[in-house]
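Please keep the sequence and the model in view while reading.

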Amino acid sequence: MARRSNVDLLPEDVRKWLDKALIDRSFSGYEALADELADRGFTISKSALHRHGQRFEEFLGKVREGAHRAAAIAEALPDDAGQVGDALTQMLQTQIMDVVVEMNVKPDDVKFTDLIQAVAKLNASSVQQKQWAAKVKSQTREAAKAVAEVARQGGLTPETVEAIRSKILGITS
């Protein structure tokens, strides 16, 4: 098995700092980063940092591409029932796995907890969206029922009351 990168062996807080610094510096300035890491007590060559930076930049690009696609789909196909949200969640989950597979990432090199958290957040947003849709549907039914009762008491014909109720319920169908 190949030797793990020195960057992968950094403590998590240092690696997070490094990844943020790479983004902030537009994936450049590797020599300065190597010097800053040395000041923190970590000896990593600028070549190793560059390799890590390339992998990280490629990964971010693919994730951004997936997010842009998801946003474009959501804008082009808005819906209240959640089908687009479900499709976007599945697409982003698939995109994350495709990136991991395509990059030939070895299990030891991936923080699967981070991936699991990302998928969990996607699923949680999907669940919240479905709960919101169910709440809106329930509130709409209650409003239709209340309006129909007021219309009946106001002397409207049963046909008119049903037409009003159907129009209101048509909002959520």
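Phenylalanine 27 lies in the loop between H1 and H2, where helices are DSSP runs of H or I with at least four residues, strands are runs of E with at least two, and both are numbered from the N terminus. The model is a predicted one, in which local features need pLDDT of at least 70 and side-chain atom pairs count only at pLDDT 80 or more, whereas totals for chains, interfaces and linings use all residues. Residues are numbered from 1 along each chain as its sequence is written, and side-chain values use heavy atoms, with hydrogens and water left out.

**The loop between H1 and H2**

Serine 26 also has its place in the loop between H1 and helix H2 (30-39). Most residues other than glycine have a negative phi.

| Residue | Phi | Relative accessibility and class |
|---|---|---|
| Serine 26 | about 55° | 56%, exposed |
| Phenylalanine 27 | about 55° | 13%, buried |

**The aromatic pair**

How many aromatic pairs are there in this model? The count comes to 1 aromatic pair, under a rule by which rings of Phe, Tyr and Trp (its six-membered ring) pair if their centres lie within 6.5 Å, with planes under 30 degrees apart called stacked, over 60 edge-to-face and the rest tilted. The rings of phenylalanine 27 and phenylalanine 56 have centres 5.9 Å apart and planes at 55°, so this pair is tilted. Because phenylalanine 27 belongs to the loop between H1 and H2 and phenylalanine 56 to helix H3 (residues 46-76), the pair ties together parts that are 29 residues apart in sequence. Both phenylalanine 27 and phenylalanine 56 are buried.

**Charged residues**

Phe56 is also touched, together with His52, by aspartate 19, leaving aside residues up to four places away in sequence; contact here means heavy atoms within 4.5 Å. Aspartate 19 lies in helix H1 (residues 12-24) and is buried without a salt bridge, the nearest side chain of opposite charge being arginine 15 at 5.1 Å. A salt bridge would require a side-chain nitrogen of Lys or Arg within 4 Å of a carboxyl oxygen of Asp or Glu; Lys and Arg count as positive and Asp and Glu as negative, while His and the chain ends are not counted.

Arginine 40 lies over the face of tryptophan 17, at 3.9 Å from the ring centre, the criterion being NZ of Lys or CZ of Arg within 6 Å of the ring centre and within 35 degrees of the ring normal.

**The core and the whole chain**

The chain has 6 helices and 0 strands, and 26% of its 173 residues count as buried. Of the contacts in the chain with a separation of 6 or more, 56% come from residues 24 or more positions apart.

Methods. Buried < 20%, exposed > 50% of the residue type's maximum accessible area, 1.4 Å probe, protein only.
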